[in-house]
Amino acid sequence: MANKLTFDAIVVGGGPAGTSAAITMAKAGLQTILIERGRFAGAKNFFGGVLYTHALNEVLPDWQSRGPALERPVTDTGYWLLSPDSVLRFTQKSERYKKVPAESYTALRANFDPWFAQQAVDLGVLVITKTTVTGFLRDEKGRVIGVTTDRPDGDVYAPIVIIGEGVNNLLTQQLGLAKSDLPPRYVALSVKEYLGLPEKEVEARFGLSGPDEGVAIDIFGDVTLGLPGTGFIYTDKAGISIGCGLLLEQLVINNLKPYEILARFKNHPIIKPYLEGAERLEYGAHLIPETGYDRMPALYTDGVMIAGDAAGMVDALHREGTNLAMIAGKMAGETAIEAHKQKNFSAEFLKGYRRRLQDSFVLKDLKQYRRMTDFLDSTPHFMETYVNFANDAAYRYFTAHGMAKRDMEKEIIRLLTRRRSFLGVAVDMIKLLRGMRG
Amino acid sequence: MSEKKRTTLNPALAATLPPTNVDDLLVSVKYYVDEEYAHIRIKDDRVCAECAHHPCLDFCPAGVFTQDRTGKILVGYQACLECGSCRIGCPYQNVDWNLPRGGYGVAYKFG
Ligand SMILES: Cc1cc2nc3c(=O)[nH]c(=O)nc-3n(C[C@H](O)[C@H](O)[C@H](O)COP(=O)(O)OP(=O)(O)OC[C@H]3O[C@@H](n4cnc5c(N)ncnc54)[C@H](O)[C@@H]3O)c2cc1C
Ligand code: SF4
Ligand code: SF4
């Protein structure tokens with residue numbers, strides 16, 4: 001090729017991590033190209049899910065005036081503990097959630113991601129779609145100075161490359177930053193259906209007063225047959241997102257079909273009435289990295305930084321991923337801006353990226369919950385035992401009419417010890433606390 | 001991953017799973033199929049023949065892996081949702097997994 005295609009920075013991937021990095025750099029005047037393999041940014045992206053506005057505020061402070069593609073604010077949220085015939089609900093609905101902007105919104109990624117990428121375009125980023133990055137260009141010392149793509153004459157040069165390629169981090173592995181592929185024990189496979197339902201019907205079924213209210217519920221127990229994993233129900237504008245995810249290893253060793261688990265969940269007597277008559281508009285599947293702090297890839301090398309799912313930045317306990325990805329993308333972008341000022345793109349200089357993350361909630365939270373996946377893996381009975389116990393205990397509690405209350409309490413204790421020894425319960429609780437406290 | 005760790009699931013619970021035809025789900029998915037390039041292939045058929053439980057037949061959320069009458073594993077890559085599970089879930093790393101060429105493969109309408 002006669003003219004080398006050269007930019008100040010290359011971003012790989014048009015998800016929350018990549019687009020946030022691109023926006024940050026473009027605002028500082030860097031000539032930035034973002035390369036996305038999908039037909040549009042978002043075509044390959046798929047989540048529950050809920051987006052958090054604190055992250056949008058940081059990346060794009062005027063996002064509200066840019067007509068963001070969001071579904072409903074989350075004004076009613078929490079957990080359902082599902083046993084085979086009952087549900088125990090721990091949810092909060094509050095007027096406090098009803099502020100503008102809300103803390104979080106449900107969203108559909110094939111709508112949100114293209115909107116987000118369009119904001120990058122408006123700020124001067126060159127977004128190239130339908131192009132897969134295949135590898136790296138290096139200088140004589142082996143430092144990364146660009147990427148190769150699957151387009152003819154598709155080499156692109158820049159002194160800095162930010163990778164936001166998502167959970168299937170082939171490029172991160174190619175660089176040797178991730179030492180191995182994701183272990184199936186530390187990754188969840190999620191399937192979801194997006195069901196269409198008229199707005200009014202969504203509101204009536206979930207007790208919402210209008211389009212400025214919405215629910216986000218995580219569901220434990222029978223939804224995953226008691227195996228380590230969760231289910232979820234989120235209300236969209238005119239639809240419901242319903243799905244479930246299990247640690248991949250559990251699907252492998254039990255020979256389970258994820259869509260059968262979802263079908264069973266949808267058929268649950270508690271769940272079914274919410275979905276009556278809703279029309280399946282889309283089905284999909286995606287992995288969630290639950291590798292945790294201790295198994296994160298290295299985050300930088302000469303000329304490269306890694307952000308988002310590619311680096312395992314997910315706090316599965318709080319279903320946070322997009323916000324970690326956005327903040328990490330922004331911090332990688334800021335580090336790239338500094339690197340340009342100092343004309344220093346060495347790994348030594350890019351260490352600053354990790355330092356920024358360490359000072360933020362991104363690495364602090366990941367560090368705190370570093371044992372969570374191990375906890376679930378080593379306590380596979382946890383969901384079934386305690387969720388079913390809690391439902392039995394609640395039933396006893398609410399129906400113990402005409403029984404001495406002390407006897408009722410004894411019976412409730414027996415309900416638990418029938419399932420698990422006192423010592424077993426104590427060990428589970430200690431493990432859980434360690435998982436939570438870090 | 002080895003196969004030593006096997007099922008922990010109560011068979012009575014497993015029996016409550018409703019048989020589901022994945023094609024009924026996949027009709028809702030939009031694809032741009034690359035007829036010239038299969039991005040997923042089996043590396044070595046002999047390894048599949050030795051594989052005791054063929055977990056790929058079950059865990060793949062798109063039912064991409066099927067078995068023909070001779071027991072050979074077939075790969076219908078056209079239905080792939082690009083989740084990446086088979087790359088890491090095959091106990092013998094016997095799946096050659098690549099990204100489709102730019103623009104091809106699944107294109108979510110809602111996501
Ligand atoms: C079922 C489910 C529910 C979830 N729920 C929530 C939730 O409620 N809240 C939340 O905050 N998070 C949630 N998450 C997690 C969240 O979706 C991810 O953490 C987030 O999308 C990560 O963003 P990312 O930019 O790192 O990666 P992605 O969003 O995966 O983006 C990666 C991008 O890179 C592109 N790409 C990859 N490789 C290449 C290449 N070689 N060349 C060019 N382009 C490439 C891809 O096409 C894609 O556009 C959920 C995830 C799942 C699966
Ligand atoms: S692809 Fe892997 S899991 Fe599937 S049959 Fe072959 S060896 Fe077994
Ligand atoms: S990537 Fe996912 S959908 Fe595609 S074949 Fe593998 S397991 Fe199936």
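The model is predicted, so local features need pLDDT of at least 70 and side-chain atom pairs count only at pLDDT 80 or more, while totals for chains, interfaces and linings use all residues. Residues are numbered from 1 along each chain as its sequence is written, chains are lettered from A and ligands numbered from 1 in the order in which they are written, and side-chain values use heavy atoms, with hydrogens and water left out.

**Chain A**

Chain A contains 15 helices and 18 strands. Helices (H or I, at least four residues) and strands (E, at least two) are DSSP runs, numbered from the N terminus. Along the principal axes, the C-alpha atoms of chain A fill a box of roughly 90 × 50 × 40 Å.

Chain A is divided into domain 1 (5-71 + 107-180 + 292-368), domain 2 (184-289) and domain 3 (373-437). These bounds come from an automatic or database domain assignment. Between the C-alpha centres of domain 1 of chain A and domain 3 of chain A the distance is 43 Å.

**A helix contact in chain A**

Helix α10 (residues 347-359) of chain A packs against helix α11 (residues 361-368) of chain A at an angle of about 65°, and their axes are 4 Å apart. That angle makes α10(A) roughly perpendicular to α11(A). Axes are lines fitted to C-alpha atoms, for helices over the stretch in contact, and angles run from 0 to 180 degrees between N-to-C directions. Angles under 35 degrees count as roughly parallel, over 145 as roughly antiparallel, 65 to 115 as roughly perpendicular and the rest as oblique.

On the α10(A) side, A:Arg354, A:Leu357, A:Gln358 and A:Asp359 take part, and they meet A:Val362, A:Leu363 and A:Lys364 in α11(A). Contact here means heavy atoms within 4.5 Å. The residues of this contact comprise three nonpolar, one polar and three charged. Ala, Val, Leu, Ile, Met, Phe, Trp, Tyr, Cys and Pro count as nonpolar, Asp, Glu, Lys and Arg as charged, and the others, Gly among them, as polar.

**Backbone exceptions in chain A**

Most residues other than glycine have a negative phi, and most peptide bonds are trans. The table lists exceptions.

| Site | Feature | Value |
|---|---|---|
| A:Gly48 to A:Gly49 | cis peptide bond | omega near -15° |
| A:Val100 to A:Pro101 | cis peptide bond | omega near -5° |
| A:Asn255 | positive phi, not a glycine | about 45° |
| A:Lys343 | positive phi, not a glycine | about 50° |

A:Gly49 lies in the loop between β2 (32-35) and β3 (50-52) of chain A, and A:Pro101 in the loop between β5 (87-93) and β6 (104-106) of chain A. A:Asn255 belongs to the loop between α6 (248-253) and α7 (258-267) of chain A. A:Lys343 is in the loop between α9 (322-342) and α10 of chain A.

**Chain B and the ligands**

Chain B has five helices and six strands, in the sequence order α-α-β-β-α-α-β-β-α-β-β. The C-alpha trace of chain B spans about 40 × 35 × 25 Å along its principal axes.

Residues around ligand 2 include B:Cys48, B:Cys51, B:Cys56 and B:Cys90. A residue is near a molecule if one of its heavy atoms lies within 4 Å of it. The shell around ligand 2 has ten nonpolar, two polar and no charged residues.

Ligand 3 is surrounded by 13 residues, of which the closest are B:Cys60, B:Cys80, B:Cys83, B:Gly84 and B:Cys86. The shell around ligand 3 has ten nonpolar, two polar and one charged.
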